[in-house]
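Trainee: I would like a close look at a single part of this model, followed by a connected account of what can be read from it.

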Amino acid sequence: MTNQNVVVPDTKSGINLPMVRLSGSSIFPATAQKPPTAPGTGGGGCISLSTKKKLLLENLEINGGGGGGARINSWIDSMRASSPTHMKSSSQSLSEDQQLPWQQQQQQITLPSAMDNFDQIMEASRGKQIVMFLDYDGTLSPIVDDPDRAFMSKKMRTTVRRLARCFPTAIVSGRCRDKVYKFVRLAELYYAGSHGMDIKGPEKGSKYTKNQGTEPVICQPASEFLPMIDEVFKELVAKTKLTPGAKVENNKFCVSVHFRCVEEKKWSEVAEAVKSVLKKYPKLRLSQGRKVLEIRPTIKWDKGKALEFLLESLGFANCTDVFPVYIGDDRTDEDAFKVLKEREQGFGILVSKVPKETNASYSLQEPTQASLQNIFHNY
C-alpha cells in the first residue's frame with residue numbers, strides 16, 4: 001500500500017486495538033471458514049445485471065474537444081439512472097418494480113437477505129476477528145431531502161455503540177469527517193470522511209488507543225488538494241445559486257452537488273454548472289452517488305482503499321483470521337465491496353429496496369435493518 005501523505009504513529013505511540021476474539025462473544029461464536037457464497041451468484045457473491053445500463057460518468061471526458069452538448073446529455077442520462085424512479089431492472093422499469101414486494105425483487109436478482117441468512121454468516125465468521133465498516137447516509141440514517149438533517153436515531157446510535165464495544169468499528173462516508181462525527185457523536189469509532197481521504201482513529205480516552213495521551217491514527221492522502229477544493233466549492237455555490245433546490249456541500253476533500261430537490265427539467269443546469277467549473281481543474285474528477293454529483297481529487301483513493309488502510313492500521317493487513325463486514329447503500333460503497341470480494345475475506349451488505357448491480361454478497365431492505373437489532377435481540 002502506498003504511504004505517501006499518510007501519517008501513522010509508530011508502534012510506541014500508535015493505535016493498538018485488542019483482538020476481540022469471538023469465542024466469548026455474545027454475538028458470534030468461534031471456528032474458521034471462507035466467507036459465504038451468495039446463492040445463485042457463483043464464487044464471489046457478485047450480483048451482475050448484464051442488461052442494466054451502466055452509469056456513464058466514469059467514462060465521460062470533462063476536458064475534451066467538441067461534443068459538449070452530447071456530454072451533457074450523457075450526464076443527464078446518468079443522473080436519471082441514479083434516480084430510483086428511473087433505474088431499470090433486468091426486464092421492466094423500476095416504477096413498476098417498486099410496486100413489487102422486496103422478496104420478489106430479491107428473487108429477480110438472487111441477492112439473499114442478510115437477516116434471513118444470518119446463520120450462514122455466523123458460520124463463516126467463526127473463530128475470526130470481525131471488523132465493522134458502516135456507511136452513514138442511507139445506511140445508519142435515512143436519505144432525506146436536506147443533507148444537513150440526515151440524523152441517525154437514538155436506537156441506531158445505541159446499536160453502533162454496542163457494535164464498537166465488541167468489534168473495531170469505522171464509519172466510512174463521503175461526508176466531511178467532522179460533520180459525520182457531529183451526526184454520530186461516538187468517540188470510540190474510526191471515522192473516514194471524504195470517501196476515505198480523511199481518516200482519524202478513536203479519540204483520546206478510547207479503549208482502542210494504546211496510550212491515553214497519543215494522537216489517533218490519521219490518513220489524509222489528498223491534503224495538497226484542500227485549497228483547490230475550497231475554490232471549486234465557492235465557484236459551484238455561485239454557479240448554482242439560481243437553480244432552485246440545488247445544494248453544494250463542502251466535504252473538505254471533495255465537493256458534493258446535491259440535485260435531489262431540483263426539478264428534473266433543471267438537471268441540465270446543474271450538469272452545466274458542474275461541467276463549466278470542473279473543466280478548469282484537470283486534477284479533479286467527477287463521480288456520482290444517489291442524486292449527487294461529486295468532485296474529488298484524481299488520486300487513486302476511495303472507500304476500498306480506506307478499508308485496506310484501516311485493516312493495515314489495525315494489524316490485519318496479512319491476517320487470514322480477520323472478517324471485515326462492510327454495510328453500505330451507495331455506488332461509492334462498491335469500491336469497498338470489491339476489495340472484500342478480491343480479498344476473499346468477510347462480505348459486503350447492500351442496503352437497498354431496489355435491484356442493483358453490486359459486488360455485495362447480501363442485502364438489507366431498510367437502513368433500520370442495518371442496525372442489526374435482530375442480532376442483538378437473539379444473541
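In which loop is Ser 113 found, and what does the side chain of Ser 113 reach?

Mentor: Bearing in mind that this is a predicted model, Ser 113 sits in the loop that runs between helix H3 (102–109) and helix H4 (118–125). Ser 113 has a relative accessible area of 9%, and because buried means under 20% on this scale, Ser 113 counts as buried. Its side chain has two backbone nitrogens to consider: a polar atom of the Ser 113 side chain lies 3.2 Å from the backbone nitrogen of Met 115, and the side chain of Ser 113 also reaches the backbone nitrogen of Asp 116, at 3.2 Å.

For another loop residue, one may turn to Pro 221, which is placed between strand S6 (218–219) and helix H7 (226–240). Pro 221 is buried, with a relative accessibility of 9%. From C-alpha to C-alpha, Pro 221 lies 9.4 Å from Ile 199 in space, while 22 residues separate Pro 221 and Ile 199 in sequence.

Cys 166, at 19% relative accessibility, counts as buried because the cut-off is under 20%, whereas Cys 261, with a relative accessible area of 38%, is partly exposed. As for pairing, a disulfide is a covalent bond between the sulfur atoms of two cysteines, and a search of the whole structure finds zero disulfides.

How values were computed
Residues numbered from 1 in each chain as written. Predicted model: local features only at pLDDT ≥ 70, side-chain atom pairs only at ≥ 80, totals over all residues. Heavy atoms only, no water. Disulfide = S-S within 2.5 Å. Buried < 20%, exposed > 50% of the residue type's maximum accessible area, 1.4 Å probe, protein only. Helix = DSSP H or I, 4+ residues; strand = E, 2+ residues; numbered from the N terminus. Polar contact = N/O pair within 3.5 Å; in protein donor to acceptor, adjacent residues only side chain to side chain.
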